[in-house]
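Here is a friendly walk through some helix packing and a few backbone details. Have the sequence and the 3D view open as you read.

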Amino acid sequence: MERRSFLNRTAAVASGAALAGSVHLPAASAATPAGPVHTRKDGAGPQYVANKAPLTREPFLRLPPGSITPKGWLRAQLDLQIKGLNGRMPDVSDYLGLTTSGWSVPDKPGWEELPYWLRGFGDLGYVTGHAATLELTKTWIDRILATQQPDGFFGPTSVRTALNGGVDFWPHMPVLDALRTWQEYSGDERVVPALTRWLTFLHKQPPTLFSQGWGSARCGDTIDTAYWLYNRTGDSWLLDLVHDMHTNGADYTHTIPTWHNVNLAQGFREPAQYGVLAGDPSFEAATHRVYDTVMGRYGQFAGGGFAADENARSGYHDPRQGFETCGIVEYMHSHQMLTRITGDSVWADRCEELAVNMLPAAFDPEQKGTHYITAANSIQLDNVPKSHGQFDNGFAMQAFMPGIHQYRCCPHNYGMGWPYYAEEMWLASQDGGLCASLYGESTVTAKVAGGVSVTLTEHTDYPFDETVSITLSSPRSVRFPLYLRVPGWCSAPSLKVNGRGTHARRSGGYLVVERDWHHRDRVELRLPMDVRVRTWRDNRDSVSVDRGPLTYSLRIDEQWSRFAGTDDWPEYEVRPGSAWNYALDVDAAHPERSFHVERTRASAANPFTAATTPVRLRARGRRVPTWKADDQDVVTPLQPSPVRTGERTEVLTLVPSAAARLRLTSFPTVGTGRAATPWASCTASFSGVDDPQALVLNGPAEPTDSYDQELPRFTWWDHTGTDEWVAYTWDEPIRASGVSVYWYDDTGHGACRVPAGWSVEYLDGSGTFRPVTGASAYGVAKDTFNETRFDTVRTTALRVAVRLRPGVSGGLLAWRVRGA
C-alpha cells in the first residue's frame, strides 16, 4: 500500500496492510560476533544510568545529550539543517502550528508529523546549542505535557479511538523519544511522571492492541522507552508491559511479518531488544537472521540500504530500486541502538555506511528539500510519476522539495539522522570507560571511572582520511579503558599513545587501551584505507568500489533546474548532462590496481557535492550503448557481467556516492570472448502499467506457473485483441537459433491470457524486421516455457510478435534467447 494512500484513510484499516506478507525465517541461528568483554579488577562500574536487574547489562551506554560537540563536516551538516528544512519546518509545514496541532490543542487533528519532527529538532538543538532551536523545543515540550489527561493519555483526542475504536499508540512513540532526550538534557522533573502515566495507560489496554496498526510493527520503540523508565523508577509492571508488547506485536523472532521498508528498518531489532529482558541469546540471533535475510534478498548493492521503494517486492532487487529517506534514518537509529545493546561493532559499521554514503544524497546540498527515495543507481530525479511498475508507489518520489504533502513522513522525520549520529559518536562503557564509536571531528566531556570528568578532543578528516587523533584533558591522572572501533573493512590498524606504539587488547571489533591516563595524553589511530572492489553475485555480478568507509559513484554532470517553489524553498529536478552508461574495466587479478586515488584541493565545509569532495578516484571504463533509460527516464536494470562492448576505453572520475545526487554505484564490468554477455535493450510496442524491463530482471527466473505473483511481469495491458511486440536490441550482432517464452495468464483473476499466436522476427541488414525461417511450433501452453527453434540468424535485434486474443490482453514472465 502506498503510504500516501494509507494516510488518507482511517487508521482503523492499518493493521492488515502494515503487516502483510509474512515470511518465516530459517530455524538455524545466524552466528553472532562477540561484543567486547568488560572486566575491571577494581570493580569500577558505569558512570551513567544503566540497566537494572533483571535486564541484561548493555556493553555501551548513551551519553547525555549535550556531552558531545560535533565539529568539522558534521557540524557543517548540522548548521545546514538548522538553516534548512528541518530547522525551519514550522515555516512550511501546516502540521506544526502551535494553535492548530492536536499535540498542543487536543481537539485539533494530529498524527506522526509533529512527533517525527520534534525528536530530531530537539536533538539538533542539544548537539549545536542553537538558542532558538532550544527555545522552540521547550515550548513544544511544555505544550505536549500540558495535554496529558488524568488517565495518562496525552496528545490529539482523535488518536484515542483511531485504531479500530482503540488508541493508535504509534504516533506517541517518536514523542516519547523527544521527551526522554529533553529530560536527559534539561533534567526536567515532569517527564518521568508523565511517561509513567502514559505507559500505565497503555498497560491497561487490551494486549491485542499491540497486534494492530503501524505500532505493532514498530513496538520496539516503546520497549526502549519502557526500559528507560524502568531504569529510573524500578517499576516492575513496566517489564510486564514489555512482555505484552513482544507477545502481541509483530513477530520478528520467527518470521518477517512485513516488507514495508520503514517497518523493517525499525522493527527488525525488536527481538534483540526483548532479549535484554529475556536473557536469551537466541533473540539477538533472530535480529541477525532478519537483517541477513532482508539484506540477502534486497540489499545486494552498496550504501547500506535495501531495495524497498515503499515495500520490498519479490524480484525487484536491482540497485535502481530506492530506499525511503525515513528508512535511512530509522535504519541508522536501529544500528546505533544495537551497537549499545550488543557491543558488536558491526552495527556501528552499518550505521556509518548509511550515514556517509546515502544520507547526504537524500537532500539537496543546502538541505532545503529532500526526496522520498534514494537509489544506488539513479540517473534522473524528476517530478514525474512512474507508471510502469518501476517503483512500488505511483506518485512522483524523486525530485528535491520540502514535500510536506507529497512525501509527508520523510521531511518531518529525516531530522534525527545527523543529530542522533553526533550523539552516538562517543559512548560510555559499562566498566567506566569511553568508546569512540563513530569517528569524526568532535569534543566529548564525560565521566569515567571514579566519577572523574574528562574531555577528549578528536581531530580527523575521517571518512576522507585515515588518521584519528585524540587528545585528553583531565584534572588529574585517572585509569579507565578507551575503546576504539576498528571498522570491518580495516585489516591492519595501528595505534600510538604519545607518539609510541602501545599495547592494546583486541576485543571484538575494538582496540582497548586501559592505562593511567594523564592530562594532554595523545592517541593516534591509523586506519589504512585501501581501494576494494565488492562483487554482488546476486545482482548480476555487478561491482561497487570502496575506499575505507566510502563507496564511490560515477561522476555524472548534474543539471539542476528549479521547476517550482520559492527562493527560500526551491523545488528541483536533476537531469544528466553527461553519459552514465559505463562498465568498469577492472583488473581481475588485482582489482585495486584499476583505480587511482586523487586528493582535490577542495576546502569547502560541505564535502558532499561532486565539486567540493576532498577525494576522488580515477578509473577506466567503456560505454554500453544499449544500456539506456526506459521511456520514463528510469535507469534500466543491470544485466549479467562481464559485458561485451566495442566502445573505446575512457578515463572515468568516481566521487564519494554521498556527493552524487545522480548516481551510478553498482557497475557492470567489461569482458571479452565467450565469457562476456552482450547487453540487450528491451522495448515494446506498448507499455502501460507494466515495464518490459521485467524480462531483463527475470532473465534467470524459473516461474512457478503462468500466474506467478512473485516475479515482475510484462503485459500489454490495457490493449486487448491487438497485434503487439516486445524486442531485444544489442549493440553488436549476436547469433541466435531459438527463443523460449513463458506466457503470463491470470485466468480467474484478470484479463490476461496466452496469445492467439506469435512469431519471432529478426532485424535484417536493411533495418527491416523479418520472420525467422525454419521455426518449429510456436507454443501457447500455460505454466511452462514454450521453446521454438529456427534457422540461425545473425542480427542486432529480435522481437516476439504476438496476436492477442479478442477481448483480452496478454504478456510474458520470461523470454530467453538461445545462441547459435
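In this predicted model, helices α7 (residues 172-186) and α8 (residues 191-203) cross at roughly 155°, with axes that come within 10 Å. An angle over 145 degrees counts as roughly antiparallel, and α7 and α8 are therefore roughly antiparallel to each other. The crossing of α7 past α8 is left-handed. On the α7 side, the contact uses His-172, Leu-176, Leu-179, Arg-180, Trp-182 and Gln-183, which meet Val-191, Leu-195 and Trp-198 of α8.

Another pair to look at is α14 (residues 281-298) with α15 (residues 325-342), which pack at an angle of about 150° with their axes 13 Å apart. Here α14 passes α15 in a left-handed crossing. Glu-284, Thr-287, Tyr-291 and Met-295 of α14 make the contact with Tyr-331, His-335, Leu-338 and Thr-342 of α15. This contact divides into 4 nonpolar, 3 polar and 1 charged residues.

What about a single helix? Helix α5 (residues 113-128) has 16 residues and spans 23 Å from first C-alpha to last, close to the 22 Å expected at 1.5 Å a residue. It is mostly covered, with 16 of its 16 residues buried. Just after α5 comes Gly-129, with a positive phi of about 70°.

Now for the backbone of some loops. Most residues other than glycine have a negative phi, and most peptide bonds are trans.

| Cis peptide bond | Omega |
|---|---|
| Ala-53 and Pro-54 | about 10° |
| Trp-717 and Asp-718 | about 15° |

Pro-54 sits in the loop between β1 (23-24) and β2 (60-62), while Asp-718 belongs to the loop between β32 (714-715) and β33 (723-744).

Positive phi values turn up in loops too. Gln-367 is not a glycine, yet its phi is positive at about 55°; you will find Gln-367 in the loop between α16 (345-357) and β6 (373-374). Is Gln-367 buried or exposed? Its relative accessibility is 2%, so Gln-367 counts as buried. Asp-633, also a residue other than glycine, has a positive phi near 65°, and lies in the loop between β26 (615-623) and β27 (643-644). Asp-633 has 36% relative accessibility and so counts as partly exposed.

How values were computed:
Residues are numbered from 1 along each chain as its sequence is written. This is a predicted model: local features need pLDDT of at least 70, side-chain atom pairs count only at pLDDT 80 or more; totals for chains, interfaces and linings use all residues. Side-chain values use heavy atoms; hydrogens and water are left out. Axes are lines fitted to C-alpha atoms, for helices over the stretch in contact, and angles run from 0 to 180 degrees between N-to-C directions. Helices (H or I, at least four residues) and strands (E, at least two) are DSSP runs, numbered from the N terminus. Angles under 35 degrees count as roughly parallel, over 145 as roughly antiparallel, 65 to 115 as roughly perpendicular and the rest as oblique. A crossing is left-handed if the near helix is turned anticlockwise from the far one by less than a right angle, and right-handed if clockwise. Contact means heavy atoms within 4.5 Å. The expected span of a helix is 1.5 Å times one less than its number of residues. Buried means under 20% relative accessible area, exposed over 50%, partly exposed in between (1.4 Å probe, protein chains only). Ala, Val, Leu, Ile, Met, Phe, Trp, Tyr, Cys and Pro count as nonpolar, Asp, Glu, Lys and Arg as charged, and the others, Gly among them, as polar.
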